[in-house]
Amino acid sequence: MNGDDINIPGYREKIEAAQKEKAVIAEANSTPMPGALRDAFSPQQDIVVGKYVVRPFYDLDFEILQQIDHPLAKMAMGGSKFGDKIQDLRGQSAWAVCWLLTHNVDEVDELASNGIETILKASRKEFSRLQLGGLLEISKAVLEQFGRYFSTVVGLVPAETEEGGSSSKKA
């Protein structure tokens, strides 16, 4: 007698159902945090401002901002603070960074491959005709995404105890 010869009523159906359930679970587990779970634990989510969706800031954006000598890239490298003055949040520098973060990163990459001037022209065409209030709101969302980008960097140091030394757990 081998394992296939068992004639218990419903046995074969239970085995088939268990195999199907196992396959469904494996498929569900292959997606790392689907749907709402992904959004809940994602440090970088979209910010909606009117008709614009300001996406997360990616390393590619930083490279492009460096290429166009943007004040935000200079600030990230230790330069003067960006975004405190009204002139930071209007004009070509605001148009460029707003354009970058309101377009798909692949679209940005493709346009950047045609030269930085194409990004500057596209940003001017789309954002130069906004009134200051709208541009300020989008700029605030852009600065929020920029802050989130840098806040994902975690310094790994031992935790301080009340006595001032570092704590460590013993197994």
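# Briefing on the predicted model

In helix α5, the buried residues are G91, S93, A94, W95, A96, V97, C98, W99, L100 and L101. This helix spans residues 91-101 and is mostly covered, with 10 of its 11 residues buried. The structure is a predicted model. Across the protein as a whole, buried residues account for 28% of the 171 residues.

**Overall architecture**

- The secondary structure of the protein consists of 8 helices and 2 strands.
- Read from the N terminus, the order of elements is α-α-β-β-α-α-α-α-α-α.

- Y52 belongs to strand β2, and its C-alpha atom lies 9.5 Å from that of L101, a residue 49 positions away along the chain.
- L101 itself is one of the buried residues of α5.
- Y52 has a relative accessible area of 11% and is therefore buried, the cut-off for this class being under 20%.

**Aromatic pairing**

- The count of aromatic pairs comes to 1. The partners are Y52 and F127, whose ring centres are 5.1 Å apart and whose planes stand at 35°, so the pair is classed as tilted.
- F127 has a relative accessible area of 0% and is accordingly buried.

**Salt bridges**

- How many salt bridges does a search of the whole structure find? The search returns 2.
- One of them joins R55 to D61, with 2.7 Å between the closest N and O atoms. Both R55 and D61 are buried.
- Another joins the side chains of K140 and E137, with an N to O distance of 3.1 Å.
- K140 and E137 both belong to helix α8 (residues 132-151), where they are 3 residues apart, about one turn of the helix. An α-helix has 3.6 residues a turn, so residues three or four places apart point the same way.
- Are K140 and E137 buried or partly exposed? K140 counts as partly exposed because its relative accessibility is 48%, and E137 is likewise partly exposed, at 39%. Both values fall between the limits for buried residues, under 20%, and exposed residues, over 50%.

**Surface patches**

- A patch of negative charge on the surface is formed by D106, E107, D109 and E110.
- Of these residues, E107 lies in helix α6 (residues 105-112). Its relative accessibility of 38% is why E107 counts as partly exposed.
- A nonpolar patch on the surface is formed by I8, Y11 and I15, which together have about 260 Å² of accessible area.
- I8 is located in the segment before α1 (11-29). With a relative accessible area of 53%, I8 is exposed, because the threshold for that class is over 50%.

Technical notes:
Residues are numbered from 1 along each chain as its sequence is written. This is a predicted model: local features need pLDDT of at least 70, side-chain atom pairs count only at pLDDT 80 or more; totals for chains, interfaces and linings use all residues. Side-chain values use heavy atoms; hydrogens and water are left out. Patches are made of residues with over 30% relative accessible area and no salt bridge: like charges are joined within 9 Å, nonpolar side chains (Val, Leu, Ile, Met, Phe, Trp, Tyr) within 5 Å. Accessible areas come from the Shrake-Rupley method with a 1.4 Å probe; for residues, only the protein chains shown count as cover. A salt bridge is a side-chain nitrogen of Lys or Arg within 4 Å of a carboxyl oxygen of Asp or Glu. Lys and Arg count as positive and Asp and Glu as negative; His and the chain ends are not counted. The place of a charge is taken as NZ of Lys, CZ of Arg, CG of Asp or CD of Glu. Helices (H or I, at least four residues) and strands (E, at least two) are DSSP runs, numbered from the N terminus. Buried means under 20% relative accessible area, exposed over 50%, partly exposed in between (1.4 Å probe, protein chains only). Rings of Phe, Tyr and Trp (its six-membered ring) pair if their centres lie within 6.5 Å; planes under 30 degrees apart count as stacked, over 60 as edge-to-face and the rest as tilted.
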